[in-house]
Amino acid sequence: MARDPENPARHRDTSGLPVVAILGRPNVGKSSLFNRLVGRRIAIVDDTPGVTRDRKEAETQIAGRNLLLVDTAGLEEAAPETLFGRMRASSEAALEQADVAVFVVDAKSGITASDRAFANWLRRARRPVILVANKAEGRGGAQAAMEAYELGLGDPIAVSAEHNEGIAGLMEAIGEHLPEEVPEPEEGEAKLLRLAILGRPNAGKSTLLNTLLGEERMITGPEPGLTRDAIAAVFQDEVGPIRIVDTAGMRKRARITHRLEEMSVASSISALREAEVVILVLDANLGLEEQDIRIARLAEREGRAVVIALNKWDSVEDRAAARNRVADTLETSLNQLRGIEVVTISAATGAGVDKLMPAVRRTHERWNRRIGTGALNRWFAQMLERHQLPLVDGKRLKLRYATMPKARPPTIVIFGTRAEQLPLDYQRYLFNGFREEFDMPGVPIRLQLRGTENPYAEETD
């Protein structure tokens, strides 16, 4: 594990796995090969060149060895300050961390000047390089792959990632080039916290991830929509390991016109569903807008806890007014996540970011908390005493007792005669009372109503 010199308490957790990086110029099929080697569709694949902009990692097993496979952006000659220059710098960083490089060329289009330039660069890197000629399907594929010999990187392996041809031979070659296996470290008691960063385009999500990791893991810049895929990384705070996923910006559905953006949004939603806590990143200069509310409601419907990171706080002139606008919108539009924690930060400078993970940990603890049946029913009895149950069709409802069968999110089941007819306003009364009594702000709560003449019989069932 590589320690962060700026913060000794935080370090990247690479799990001691060997790292295999897939490199090559744009549109040679790196992401298709990545998906094929991992065994499932993780990276977004499209015919558009340059779809992959950030490094994407996944743990997988090849040749009986567990390893970390890294998909990278296409290698292109470009000035460092440009987008393509930043993409190339990200790929170079991936190579520095890799134990093995898989260099992919396109057998159909043949060897290009860029392939030759990058082959020379790889030779200087002093890493084992496996040369792969992709798109070599069919009778003429193997013959076309032979052209890659001129790169001087050894025997090319002819594969077709799309048609699953030659993949077994590639896996065997990767296994032969991996470093010697070292004993795995003993697992600690701390469980992995799954975290996703969501928000609209250009809110600062990728900059926040870079700041949390202490490295330029994600490509950032003034251009909106730089992140196209959900990119995961693992790091550790003072409590334990965290798997954090940066996602593509989510715009209103009506504004999404391109298939690639549709896939990006689908990848973001998938990351949300796999997370436990969502960090919703807002531009503090814009406040909490309609699309942000939609994202928060989606997280609530999926049962995920939410923390708001009010980013670019250093550029806000009237901070009191900005806070009040966000608080008012939360009160009127996100009542189902009442009490959500809001942390003001500047991801670019790092100001306030040290307060974000403690807020995430507090919210995660509430989301995981189970309330004992005794304490729950004492609270339930008090709530019934304060406000009498309503009449429905001229008959008063009878609620008998409550249980909490599960957390993640907290779920309350109430039994009683015709309990399923309990009006919504009384349900909100119970929701709010539960939040206040057991300190559950910012987490979704589920209320299930079980109506029966004999609730104890239903419980036995």
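Two strands count as paired if DSSP finds at least two bridges between them. With that in hand, take strand β17, residues 411–417: β17 and β18 are joined by 6 bridges and pair in the parallel sense. One of the positions to look at is Thr411, whose bridge partner in β18 is Arg446. Please keep in mind that this is a predicted model.

These two strands belong to an open sheet of 3 strands, arranged in the order β16-β17-β18, and its pairing is mixed. The edges are taken by β16 (398–406) and β18 (446–451); each has a single partner strand, so one side of each is left without a neighbour in the sheet. From one strand to the next, the twist averages 25°.

## Strands β12 and β13, and Thr344

Elsewhere in the chain, strand β12 (residues 305–311) runs parallel to β13, and 4 bridges join the two. Here Leu310 stands opposite Thr344 in β13.

Thr344 deserves a visit of its own. This residue lies in strand β13, which covers residues 341–344. Is Thr344 buried or exposed? Its relative accessible area is 17%, and the cut-off for buried is under 20%, so Thr344 is buried. Leaving aside residues up to four places away in sequence, Thr344 touches Leu310, Trp313, Arg323, Ala351 and Gly352.

## Two crossing helices

Helix α1 (residues 30–38) and helix α5 (residues 167–177) have axes that come within 11 Å and cross at roughly 80°. Angles from 65 to 115 degrees count as roughly perpendicular, and α1 and α5 therefore fall in that class.

Which residues make the contact? From α1 come Leu33, Arg36 and Leu37, while α5 supplies Ile167, Leu170, Met171 and Ile174. By class, the residues of this contact are 6 nonpolar, no polar and 1 charged.

Methods
Residues are numbered from 1 along each chain as its sequence is written. This is a predicted model: local features need pLDDT of at least 70, side-chain atom pairs count only at pLDDT 80 or more; totals for chains, interfaces and linings use all residues. Side-chain values use heavy atoms; hydrogens and water are left out. Axes are lines fitted to C-alpha atoms, for helices over the stretch in contact, and angles run from 0 to 180 degrees between N-to-C directions. Buried means under 20% relative accessible area, exposed over 50%, partly exposed in between (1.4 Å probe, protein chains only). Contact means heavy atoms within 4.5 Å. Angles under 35 degrees count as roughly parallel, over 145 as roughly antiparallel, 65 to 115 as roughly perpendicular and the rest as oblique. Ala, Val, Leu, Ile, Met, Phe, Trp, Tyr, Cys and Pro count as nonpolar, Asp, Glu, Lys and Arg as charged, and the others, Gly among them, as polar.
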